[in-house]
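Please examine the structure before reading each solution.

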Amino acid sequence: MSDSATSHRQSTPFAKTSILATNARTRRRKAAEARFRLYGLIAVATGMAFLALLLVAIVSNGARGFQQTFVTLEIELREDMLDKNGARDIEDIKKVSTFGYAPLIDSGVAAVVTRLGLDAPFESEKEYRKMLSSGAAATLRNYVLENPEMIGRTVAFRLLASSRVDGYFKGRVTRESVARDKNLDAEHLDLVDRLRDAGLIEKTFNWGFVLGADASDSRAEQAGFGVSMLGSLFMMLVVLGLSLPIGVAASIYLEEFAPRNRCTDLIEVNISNLAAVPSIVFGILGLAVFIQFMHLPQSAPLVGGLVLTLMTLPTIIIATRASLKSVPPSIRDAALGVGASKMQAVFHHVLPLAAPGILTGTIIGLAQALGETAPLLLIGMVGFIASNPPETWVEGFVAPNSAMPAQIYEWAKRADPAFYERAWGGIIILLVFLVAMNMIAVLLRRRFERRW
Amino acid sequence: MSHSWLALIVLALAAVGCLAGRARALRSAGGDARRLHSLPSYYGANAFLATAAPALLLLAVWIPLQPIYVESRVSDLIPDAAIAEGGTRELAMADVRRIAEGLDYAVRRGAMSSDAADSLDIGGGGVRERLAEAGVALGSEPRPEILLAAQRYREISRVGDASLAAIALILAAGGLAWALARGDRRFRARIVVEKGVMTLLAGAASVAVLTTIGIVLSLIFNTWEFFALHSWTDFFFGTTWSPSFSGRGGASELGVVPLIWGTLYISLIALLVAVPIGLYAAVYLSEYAGPRARSIAKPLIEILAGIPTIVYGLFALLAVGPALVRAFGEGGALGLGWMPGGTAAMTAGLVMGIMLIPFVSSLSDDIINAVPQALRDGSLGLGATRSETIRHVVLPAALPGIVGAVLLAASRAIGETMIVVLGAGAAAKLSLNPFEAMTTVTAKIVSQLTGDADFASPEALVAFALGMTLFVITLGLNAFALYIVRKYREQYE
């Protein structure tokens with residue numbers, strides 16, 4: 001806009017402009033404004049697009065982890081191979097190892113091949129067992145040990161297909177890749193196609209993934225997430241049991257009772273520093289103090305819980321202080337006015353009113369702790385195969401176990417691509433837990449929030 | 001008796017004392033609670049605290065310290081000559097501990113009688129088999145001095161446990177007696193109990209200080225040990241990182257410079273992604289967006305902050321890495337051949353940037369909202385457009401806070417572990433090509449401490465030195481951010 005003061009001094013007349021007609025400069029400025037606004041919108045849209053991309057990747061990759069291929073076979077439990085004495089003595093039957101059961105599986109498949117009228121593609125029947133999981137024989141054996149009276153009869157079993165066959169169903173394994181693989185041949189895949197047409201092989205939802213234990217590298221089809229969920233549960237119990245009392249006690253002290261001196265300042269500085277320390281340093285602390293110095297068992301949920309408690313404390317302290325601050329002073333004054341001591345006023349009046357905020361802060365802190373991986377790797381949860389669920393409560397805390405994020409990391413590190421989809425599936429389960437916890441926190445906050 | 005039983009007995013005694021103390025006080029007031037100094041429950045609480053607190057405190061201090069004391073006594077029994085070839089005193093002591101624990105376990109399970117365990121010695125031969133029968137696994141036949149030391153370990157531990165139990169029970173009983181004797185109606189129970197509770201609260205608050213002290217001590221001790229084994233100039237100024245895994249004494253080059261380079265490079269890429277997007281998003285949401293759009297978009301962006309980093313790591317490894325290779329790798333869409341593999345600094349940097357967007361965005365949002373409306377109104381009143389107001393008035397006013405937010409985001413990026421472990425590769429390289437695999441300080445801490453290296457070797461101890469470096473850097477950045485904000489912040493009043 002032209003400055004009216006200087007225009008008086010100009011001797012040459014200048015073109016009169018109307019404020020209704022935009023000049024070039026205003027047009028440029030308006031264009032810059034529109035561009036700036038557009039950049040902002042693009043930034044917000046990019047952020048949301050990343051989120052959508054992440055969720056789509058997780059769901060599409062993880063959905064396959066929940067499905068597994070199963071084969072239905074009728075297997076004759078031949079007495080001459082399983083119980084040679086015929087006495088149905090459980091000790092005799094136990095002596096037959098899984099090697100003895102594998103030929104039964106071969107015969108079962110051979111019987112199906114004959115029934116469907118197919119040409120036998122292999123010279124030896126032993127090739128058939130490659131289509132099934134190496135744990136299938138163990139499934140048979142466990143069944144026979146529990147039901148020894150079924151020896152001699154033909155029973156229909158639903159067995160896990162091998163990881164390669166499962167990969168073929170899911171598109172991971174193709175005929176070209178099988179040519180280089182010694183675990184499976186193209187003839188196996190042909191046979192699998194025929195069995196699928198006959199309805200004997202199907203890909204269904206796999207509860208074993210959600211409830212089962214982890215398995216070794218060679219049995220990717222049996223790997224499950226359930227035992228690490230238990231490990232995470234025990235860890236969260238330790239975190240809840242330790243960090244809530246300590247955090248609330250510390251906040252009450254700092255908020256209500258602490259005198260304003262150097263000591264208290266030091267504590268406050270420490271708390272805000274701890275909130276910013278990288279999680280791996282807490283892992284180092286856990287390793288040095290809890291495992292090397294105190295000789296607690298490695299890889300135990302107790303140690304993981306202790307480390308995560310130290311990490312969650314600053315979050316809980318900050319949330320608790322905020323809710324204590326939000327209780328109006330009139331409540332405290334009224335309590336003091338009817339004769340309560342300061343501590344009685346805090347514990348009987350202020351704390352119950354601040355409880356909803358404390359609860360939501362704790363739930364959010366627990367949700368953050370659930371997803372932490374780095375400290376758990378350092379206390380020994382990497383490379384560990386969580387293959388047995390703990391049997392007692394004490395064992396649950398002290399026996400070595402895995403946790404959900406550590407299990408996901410472990411699967412991501414393995415060479416077999418069959419584990420990748422399980423890692424994505426594990427992520428889906430982890431995110432379900434996190435979403436549930438955050439929803440509970442939001443609902444609680446909305447239900448119990450009081451506007452003073 | 002076992003420690004958990006001891007603690008339970010003390011607590012049970014304290015519970016009994018609680019009821020007894022309350023009853024005693026009421027009795028001394030002739031059944032009339034109004035004649036008491038404090039509420040009756042305080043007398044019970046007083047008895048509870050007097051019984052439980054000294055005994056439990058003793059347990060908390062004695063139990064961790066007893067093994068250390070016993071080990072130092074027993075270690076003197078093992079002459080240097082008895083330590084196996086290639087072993088250390090710590091390994092020998094670990095054997096002693098294992099045998100002692102194994103014998104205790106066997107006796108507890110009933111597989112070996114207590115006398116048999118006590119009289120077990122090398123002379124009888126076949127110690128390893130006998131222990132195996134009892135369910136205890138040993139790697140090799142133990143040497144006579146080790147077995148003797150293990151027996152002595154058990155003996156001293158037994159004496160220690162017995163004296164602990166005796167002293168703890170005496171303390172508990174004494175506390176109970178004192179509380180019952182003093183707890184009449186004139187006793188100011190509430191004051192005493194409240195003082196006790198205050199001590200507990202202050203103790204809880206000092207846990208934060210203890211944690212920091214623990215972190216610093218554990219880092220310093222192990223770093224000191226490391227620098228005794230490996231020169232610190234090589235560590236801080238060496239430009240190669242190649243630990244040797246050929247056992248002890250191999251030539252390991254442990255220079256931290258390539259790791260710090262990788263850390264800073266990846267953090268730089270992350271900030272280049274996060275800061276523009278986060279800042280523009282914050283500006284848009286606080287200045288231009290209506291309340292409905294804001295209430296939808298802000299929580300959605302916050303969700304990015306709540307996703308665990310292992311998810312980002314997996315995303316980088318399995319989705320972003322291959323996508324980038326398809327674009328930039330050999331035979332890729334752009335035909336450039338810059339990217340040898342899926343794990344690279346660019347992969348980790350991009351994903352870390354996505355993770356940091358909500359961090360930068362919400363911190364900047366708070367700061368921009370704190371700028372008073374009067375400044376904006378003044379600028380708009382002079383005829384500036386909204387974007388000009390933001391660029392020339394609001395952002396400069398908010399600049400110290402925004403710089404602080406960026407520094408905090410940088411500190412978070414430097415300390416991030418899972419994304420770089422999965423997404424950035426394990427090769428320590430000093431390279432300018434962002435498409436090459438590079439590794440960071442945090443990834444190496446994880447790999448050095450989760451390998452098979454024995455904990456006294458420089459290869460494992462270097463992780464503590466790396467942790468110390470990381471701790472100092474992040475603490476320094478945070479302190480610097482706080483200093484900048486405090487120094488340049490405008491107080492609008």
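**Exercise 1.** In the predicted model, what links the side chains of Arg190(B) and Glu194(B)?

*Solution.* A salt bridge joins the two side chains, with an N to O distance of 3.6 Å. The cut-off for such a pair is 4 Å, so this distance qualifies. Finally, consider burial: Glu194(B) has a relative accessible area of 13% and is buried.

**Exercise 2.** Determine which parts of the chain are linked by the salt bridge between Glu421(A) and Arg64(A).

*Solution.* Begin with the distance: the closest N and O atoms of Glu421(A) and Arg64(A) are 3.8 Å apart. Then place the residues. Glu421(A) lies in helix H20 (residues 418-448) of chain A, whereas Arg64(A) lies in the loop between helix H2 (24-63) and strand E1 (67-76) of chain A. The pair thus links distant parts of the chain, 357 residues apart. As to accessibility, Glu421(A) is buried at 4% relative accessible area, while Arg64(A) is partly exposed at 33%.

**Exercise 3.** Classify Glu268(A) and Arg321(A) as buried, partly exposed or exposed, and describe their pairing.

*Solution.* The limit for a buried residue is under 20% relative accessible area. Arg321(A), at 15%, therefore counts as buried. Glu268(A), at 25%, is partly exposed. The two form a salt bridge whose closest N and O atoms are 3.3 Å apart. Because Glu268(A) lies in helix H12 (residues 262-276) of chain A and Arg321(A) in helix H14 of chain A, the pair ties together parts that are 53 residues apart in sequence.

**Exercise 4.** Characterise the surroundings of Thr312(A).

*Solution.* Thr312(A) is located in helix H14 (residues 301-326) of chain A. Its relative accessible area is 4%, so Thr312(A) is buried. Setting aside neighbours within four places in sequence, its contacts are Val239(A), Gly365(A), Leu366(A) and Ala369(A).

**Exercise 5.** How does the radius of gyration of chain A compare with that of a compact globule of 452 residues?

*Solution.* Such a globule would have a radius of gyration near 22 Å, but chain A has 33 Å. Along the principal axes, the C-alpha atoms of chain A fill a box of roughly 115 × 80 × 40 Å. The secondary structure of chain A comprises 20 helices and 3 strands. Of its 452 residues, 48% count as buried.

Conventions: Residues numbered from 1 in each chain as written. Chains lettered and ligands numbered in written order. Predicted model: local features only at pLDDT ≥ 70, side-chain atom pairs only at ≥ 80, totals over all residues. Heavy atoms only, no water. Helix = DSSP H or I, 4+ residues; strand = E, 2+ residues; numbered from the N terminus. Rg over C-alpha atoms; globule rule 2.2 N^0.38 Å. Buried < 20%, exposed > 50% of the residue type's maximum accessible area, 1.4 Å probe, protein only. Contact = heavy atoms within 4.5 Å.
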